[in-house]
Amino acid sequence: MLKAMRKHADEEDWDAAASIAKDAAPYMHAKLASVQHQGRVTTQGISIDADKLKDMSDDELAALESAIGKLQSGFGAGEGGEDEA
């Protein structure tokens, strides 16, 4: 399909190229599923109200992201997790 699309594009037959591109797109690019956000973000047992996130400054969001990353890295083996004897 791509070879035919490129051939039509090289010949500047844009309608045919676009038609083939449309048909080939689902095989080349994943279609994202539609998801309704429920208002809470939960990761590794940490739950955050999404409405409060929109009121935070960029610096506050960066600090929160850093803190969550540090907490998540503490859940692995050897950090007090279940794998420790």
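Reader: Where's the kink in H2, and how big is the bend?

Author: A kink of about 30° sits at Lys22 in H2, shortly before the proline Pro26. The bend here is the angle between axes fitted to the seven residues ending at a residue and the seven starting there. One caveat: this is a predicted model, where local features need pLDDT of at least 70, side-chain atom pairs count only at pLDDT 80 or more, and totals for chains, interfaces and linings use all residues. Residues are numbered from 1 along each chain as its sequence is written, and side-chain values use heavy atoms, with hydrogens and water left out.

Reader: Which residues of H2 are buried?

Author: Ala16, Ala17, Ile20 and Ala24 are buried in H2. Buried means under 20% relative accessible area, exposed means over 50%, and partly exposed is in between (1.4 Å probe, protein chains only).

Reader: And what do they pack against?

Author: The buried residues of H2 pack against H1. A contact means heavy atoms within 4.5 Å.

Reader: What about Ala25, buried or partly exposed?

Author: Ala25, also in helix H2, counts as partly exposed at 30% relative accessibility.

Reader: OK, zooming out. What order do the elements come in?

Author: From the N terminus they go α-α-β-β-α-α, with four helices and two strands in the protein. Helices (H or I, at least four residues) and strands (E, at least two) are DSSP runs, numbered from the N terminus.

Reader: Which element has the highest mean pLDDT, and which the lowest?

Author: Helix H1 (residues 2-10) has the highest at 94, and strand E1 (residues 40-43) the lowest at 63. pLDDT is the predictor's confidence in each residue, from 0 to 100. The protein averages 77, and 68% of the residues score at least 70.

Reader: Where does pLDDT stay under 50?

Author: Over residues 77-85, for which the model has seven contacts beyond four places in sequence. Where pLDDT is low, the predicted coordinates should not be read in detail.

Reader: Switching to charges: how many salt bridges?

Author: The structure holds one. Lys7 pairs with Glu11, the closest N and O atoms being 3.1 Å apart. The cut-off is a side-chain nitrogen of Lys or Arg within 4 Å of a carboxyl oxygen of Asp or Glu. Lys7 is partly exposed, with a relative accessible area of 47%.

Reader: What's up with phi of Glu12?

Author: Phi of Glu12 is near 60°, a positive value in a residue other than glycine. Glu12 is in the loop between H1 and H2 and is exposed, with a relative accessible area of 57%.

Reader: Which residues form the nonpolar patch on the surface?

Author: Met1, Tyr27 and Met28, with about 410 Å² of accessible area together. Such patches take residues with over 30% relative accessible area and no salt bridge, with nonpolar side chains (Val, Leu, Ile, Met, Phe, Trp, Tyr) joined within 5 Å and like charges within 9 Å. Areas come from the Shrake-Rupley method with a 1.4 Å probe, and for residues only the protein chains shown count as cover. Met28 is in helix H2 (residues 14-28).
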